[in-house]
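Work through the exercises below with the sequence and the model at hand. Each task is followed by a solution in steps.

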Amino acid sequence: MGFDAAALPVFPWDLLEPYRRRAAQYPDGLIDLSVGTPVDPTPEVLREALSAASDAAGYPATIGTAGLRQAVADHYAAWRGVPDLPPQGVLPTIGSKELVAQLPSLLGLGLGDVVVHPVVAYPTYDVGARLAGATPVPANSPEQIPAAMRDQVKLVWLNSPGNPDGRVAGRSDLTTWVEWARRHGAVVASDECYAALAWEEPWVSAGVPSLLDPQVGDGSLDGLLSLYSLSKQSNAAGYRAAWLVGDPRLVARIAGLRKHMGMMMPAPVQAAMAAGLADHAHVAAQREVYGRRRRVLLGAVREAGYVLEGSAAGLYLWFTTPDRQDCWETVADLAGLGILVAPGAFYGEAGRAFVRMALTGTDQDVAAAAGRLAGA
Ligand SMILES: Cc1ncc(COP(=O)(O)O)c(C=O)c1O
């Protein structure tokens, strides 16, 4: 066994429970903006395709249907500036979280190997490294990796737009990592699940660059993997509809292992995902909804004196106080208004002065949260 279960972090959400209880005592009730779970209905186009494919007596293919693989390639051509992706480089995953947690193991990493992830990050990058018995190392640029560890790096995680801080990596940032990783024989995996949700320029007009952009990898997919998910852009977190795409040799190896493991996306979900990818109208409509909620919350948070950082894209506002008080104090202040947010410390020590507020409240909750902040 490559890992020690005791070395995994304690599931931190339990630490929020006292603040949830406190927020719930607010006279008009709790507004939970601590998690990014979509609250709007799953669009009909996905639901109808799911239902139409519900006669699914046989086993689905781990690699997905040809139609699904092509739909993913078409999505990158239409929306991510990545033409001509080979469909054999596409692999459906059961949501992206399981793949984030398993990728170091699927790449055969173990003791003595290093997995790099952003300094303020979604915690599953760290967990996945530990599950493989590898060492997680936070770094936002190659120079931040301790010199003695550089030759041990086998996987670099990028996350753009970032959770929790909403930062976007430009093409030159991505290229810096790709060139460094190729020199060191490391794979680069970019988790891009918030790419449809850009709020600030240049990303609104130009789009959020993908790691697979031909300008980033010098026209080659060697050692590069992109992850994406319909959880957010299609209100389909309950479907577990996501994928991995990139270097066809790496993807074939991973697919081979996942066949042994039985990691197959259910056939009706494959159909729903292909249908969701073929329809962009619902994605644009949902983006409008989040844009509206973001304007309301952003105005209220600033008006209340908080200081925003990053947050150029994605589903969250990432903010601190002018004196950068500890995140738990800010969590407590907001819980006093009946608003629950996530403490930045959940995402690494560097997030200690910040909190993360999700844009995934209903219109009613978002308006009420803004009203409470204004009245504070
Ligand atoms: C950065 C990042 N990656 C992956 C995921 C997992 O998404 P899912 O498993 O729903 O595809 C999330 C969910 O919030 C996320 O924020």
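**Exercise 1: the sheet**

Leu227 stands opposite Leu244 in S8. The model is a predicted one, in which local features need pLDDT of at least 70 and side-chain atom pairs count only at pLDDT 80 or more, while totals for chains, interfaces and linings use all residues. Residue numbers start from 1 along each chain as its sequence is written.

Task: which strands form the open sheet, and in what order?

Solution. Strands are DSSP runs of E with at least two residues, helices are runs of H or I with at least four, and both are numbered from the N terminus. Two strands pair if DSSP finds at least two bridges between them. Extending the pairing gives an open sheet of seven strands, S2-S8-S7-S6-S5-S3-S4, with mixed pairing. Its edges are strand S2 (90-94) and strand S4 (135-138), each pairing on one side only. From one strand to the next the twist averages 20°.

Helix H6 (residues 171-184) lies across S5, strand S6 (187-191) and S7, and runs at about 170° to S5. Such angles run from 0 to 180 degrees between N-to-C directions, with axes fitted to C-alpha atoms, for helices over the stretch in contact (C-beta atoms, placed from the backbone, within 7 Å).

**Exercise 2: strand S10**

Task: are the residues of strand S10 buried or exposed?

Solution. A residue is buried if 20 or more other C-beta atoms, placed from the backbone, lie within 10 Å of its own, exposed if 12 or fewer, and partly exposed in between. Five of the five residues of S10 (residues 316-320) are buried, so the strand is largely enclosed by the rest of the structure. Sort them by direction: Tyr316, Trp318 and Thr320 point one way, Leu317 and Phe319 the other.

Then check the neighbours. Strand S9 (residues 307-309) is joined to S10 by three bridges, antiparallel, and Leu308 stands opposite Phe319. Strand S13 (residues 355-358) is joined to S10 by four bridges, also antiparallel; here Phe319 stands opposite Val355.

**Exercise 3: the two domains**

Task: how many residues of domain 1 are in contact with domain 2?

Solution. An automatic or database assignment supplies the bounds: domain 1 is 5-41 + 282-375 and domain 2 is 46-279. In contact are 30 residues of domain 1 and 30 residues of domain 2. On the domain 1 side, helix H11 (281-303) gives the most, with seven residues.
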